[in-house]
Amino acid sequence: MTTARNGLLSFALTPAVDGMAVVAYLFFVPALAAMFNKPNVLNGFIILFGYACLIVGTRIIRMLGHTLDAGPNPKKVSDLSGCGGFLGFSFGIFTATAALTTSGLLENEGFTRATSGDGIWSGILIWVFSLTLLTFVVLYPFVLILPAKTRIQANSPAVPMLHLLGVSLTNIMVLITVAFWEGLFVGEEPAGMSVGFRILALFAFYLLFLIFQAPPRILLFLLERNIYGLISFLISLAIFLWPLTA
């Protein structure tokens, strides 16, 4: 009975979390985009925080995958294999580039001094930041590929809460990525694009975001076959990206 209840709660939670992400987008993303438009080391750490949330959230989803399929004859849960590793590594490279760009380190004299041996304190900060980036770039692909060893019983009361936490954490990185792209266009003059061209631009952004952001949600869909959760993700992504084409 508890297992069935957990399944129903998990089914309903995903669209609810996506709805909360839309509300968070309206309240927080514009301010975050304005911050990203002005290079600061804090911006880089915000992006790293979002990437860490993505890693933890994806790992939780992997744990749930083994949880709900546990039993005498558990079915194999897809791990996206090499495709997941490639997408994870590619998104890691993008995240590293975004963090370095918004932090201003690539254009900062401190970066030059650090790589040449001058500026001890700025050098330490930059090298710690860079090593953290490299660690995350390597870590996320492994999270997508490697199966979770920790199993949680399907009838555990923690299952709905972990489901809520996993989806929420992955959505944080989606919102931070949207804020990064919006930050690139803060202060830009309207392009005056036609509706048709805006739809084409939306399609291009949409495809890019799906390539990078969809793997955790694909894993969740393969686990639950929750078409409503998948539709809510696709709709929320369109809402996030439409302003980018304005």
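This is a predicted model: local features need pLDDT of at least 70, side-chain atom pairs count only at pLDDT 80 or more; totals for chains, interfaces and linings use all residues.
In the protein chain we have here, if we take the contacts (heavy atoms within 4.5 Å) between residues at least 6 apart in sequence, 88% of them join residues at least 24 apart. Residues are numbered from 1 along each chain as its sequence is written, and side-chain values use heavy atoms, with hydrogens and water left out.

The secondary structure comes to eight helices and zero strands, where helices (H or I, at least four residues) and strands (E, at least two) are DSSP runs, numbered from the N terminus. Of the 246 residues in the protein chain, 48% are buried; buried means under 20% relative accessible area, exposed means over 50%, and partly exposed lies in between, with a 1.4 Å probe and protein chains only.

Now, how many salt bridges does the structure hold? There is one, a salt bridge being a side-chain nitrogen of Lys or Arg within 4 Å of a carboxyl oxygen of Asp or Glu. Arg217 forms a salt bridge with Asp18, and their closest N and O atoms are 2.7 Å apart. Because Arg217 lies in helix H7 (residues 195-224) and Asp18 in helix H1 (residues 2-36), the pair ties together parts that are 199 residues apart in sequence. Both Arg217 and Asp18 are buried.

Finally, Ile239 lies in helix H8, and Ile239 is partly exposed, with a relative accessible area of 38%.
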